[in-house]
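Colleague: Before I use this model in my own calculations, I would like to learn how to read its features one at a time. Could you take me through them, giving the general idea and then the case at hand?

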Amino acid sequence: MSAMTLQQFLSREVQFGAMDPKLPPVILSITDACKTISHKVRQGALAGVLGMAGTENVQGEDQKKLDVISNDIFVEALCASGQVCGLASEEVPEVISVPADYPIGPYLVAFDPLDGSSNIDINVSIGSIFSITTAVRPKREAVEADFLQPGNRQVCAGYVMYGPQTQLVFTLGKGVLMFTLDPNTGTFVLVQENLRVPAEAKEFAINCSNMRHWEAPVKRYIDELLAGETGPRAKNYNMRWVAAMVAEVHRILQRGGIFMYPRDNRDPKKAGKLRLLYEANPMAFLMENAGGRATNGHMRILDIEPESVHQRVAVFLGASEEVDTVTGYHAQ
Ligand code: F6P
Ligand code: MN
């Protein structure tokens with residue numbers, strides 16, 4: 001196993017001319033923020049960070065204290081990097097500007113500072129998700145329109161998972177890397193390069209409590225998986241649902257499988273539950289870089305032209321054969 005630290009890895013990339021020297025400060029500000037969040041997550045009630053904040057985010061979801069604390073940690077760290085011109089956070093309705101006393105840089109960062117909020121208070125895996133793009137109008141303070149670029153323009157995306165270990169998984173668009181936070185030294189150390197998702201799946205993840213609301217192609221696909229050996233797929237599948245997208249993606253990147261959060265018939269105007277810019281796009285970029293696939297049931301998630309910063313999207317991601325199958329059912 002290589003003992004390369006994140007800092008060493010990024011320096012090497014810059015040295016070989018494989019990375020803009022302005023990008024490592026952005027990535028390191030995110031991972032520093034995640035180290036602070038990881039520390040607070042591990043202290044839990046002892047740091048007084050559990051429970052509700054008494055506020056709502058733009059989606060009308062109740063904010064937990066740790067959602068708000070994590071957002072503030074991300075904003076502070078990224079602005080201090082000196083390399084961003086605007087931020088978009090799940091927890092903040094408007095695009096976040098860089099305060100006047102910080103320099104403005106070329107990058108835009110969209111993030112979900114704490115994913116899987118319902119797991120916070122019960123000590124189950126949660127994470128932070130980030131997506132970095134280059135501003136079309138660099139050096140100018142970003143407005144919402146600057147963020148409305150398709151996911152195929154991401155230069156770096158990933159997440160940090162706060163599980164039994166704190167791990168960083170990210171891509172620069174050429175493979176997926178995994179680092180573990182060494183609690184003794186406070187550094188992220190490379191543990192795996194080139195994560196690959198097997199083409200075939202043995203496991204699926206979907207919130208089955210919504211089954212009665214699903215659209216026909218999703219019902220058909222899940223019915224076939226549930227039919228097991230005697231059904232058209234002629235094999236048995238296992239099911240998992242952690243209720244934190246970071247944890248589902250983390251499992252799929254290592255062990256394979258498919259994750260779905262489809263749109264359903266409850267509210268036809270709602271395109272799904274998950275958000276395009278800071279949940280679906282970064283995870284789609286990771287999946288494709290690991291040899292997997294990510295669609296909204298109709299098209300590649302990374303090719304969707306966003307219309308607003310907080311827009312929602314249906315998500316099917318993971319093993320290529322499975323994502324192709326369920327996407328194909330939508331076309332029929
Ligand atoms: O951010 C939304 C999210 O918490 C995801 O992390 C997770 O996959 C999903 O919602 C869980 O949804 P549900 O509440 O339907 O289980
Ligand atoms: Mn989330």
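Modeller: Let us begin with burial: aspartate 112 has a relative accessible area of 1% and is therefore buried, where buried means under 20% relative accessible area, exposed over 50% and partly exposed in between, with a 1.4 Å probe and protein chains only. Aspartate 115, with a relative accessible area of 5%, is buried as well. This is a predicted model, in which local features need pLDDT of at least 70 and side-chain atom pairs count only at pLDDT 80 or more, while totals for chains, interfaces and linings use all residues. Residues are numbered from 1 along each chain as its sequence is written, chains are lettered from A and ligands numbered from 1 in the order in which they are written, and side-chain values use heavy atoms, with hydrogens and water left out.

Colleague: Which residues coordinate the manganese ion (ligand 2)?

Modeller: Donors are N, O and S atoms within 2.8 Å of the metal (3.2 Å for Na, K and Ca), and water is not among the atoms, so sites may look incomplete. Here the manganese ion (ligand 2) is coordinated by Asp112 (OD), Asp115 (OD) and Glu279 (OE), at 2.0 to 2.2 Å, and along the chain these donors follow the spacing D-x2-D-x163-E.

Colleague: How should I read the packing of two helices?

Modeller: Two packed helices are described by the angle between their axes and by the distance between the axes. Helices are DSSP runs (H or I, at least four residues), numbered from the N terminus, and their axes are lines fitted to C-alpha atoms over the stretch in contact, with angles running from 0 to 180 degrees between N-to-C directions. For H2 (residues 23–43) and H3 (residues 65–80) the angle is about 150° and the axes are 9 Å apart. That makes H2 roughly antiparallel to H3, a term for angles over 145 degrees.

Colleague: At what angle do H1 and H2 pack?

Modeller: H1 (residues 6–15) and H2 pack at about 170°, with axes 11 Å apart, and are therefore roughly antiparallel to each other. The contact, meaning heavy atoms within 4.5 Å, is made by Leu6, Gln7, Leu10 and Val14 of H1 with Pro24, Ile27, Leu28 and Thr31 of H2.

Colleague: Why is helix H6 described as largely enclosed by the rest of the structure?

Modeller: Nine of the 11 residues of H6 (residues 245–255) are buried, so the helix is largely enclosed; among the buried residues are Glu248, His250 and Arg251. Just after H6, glycine 256 takes a positive phi of about 90°.

Key
Helix = DSSP H or I, 4+ residues; strand = E, 2+ residues; numbered from the N terminus. Parallel < 35°, antiparallel > 145°, perpendicular 65-115°, else oblique.
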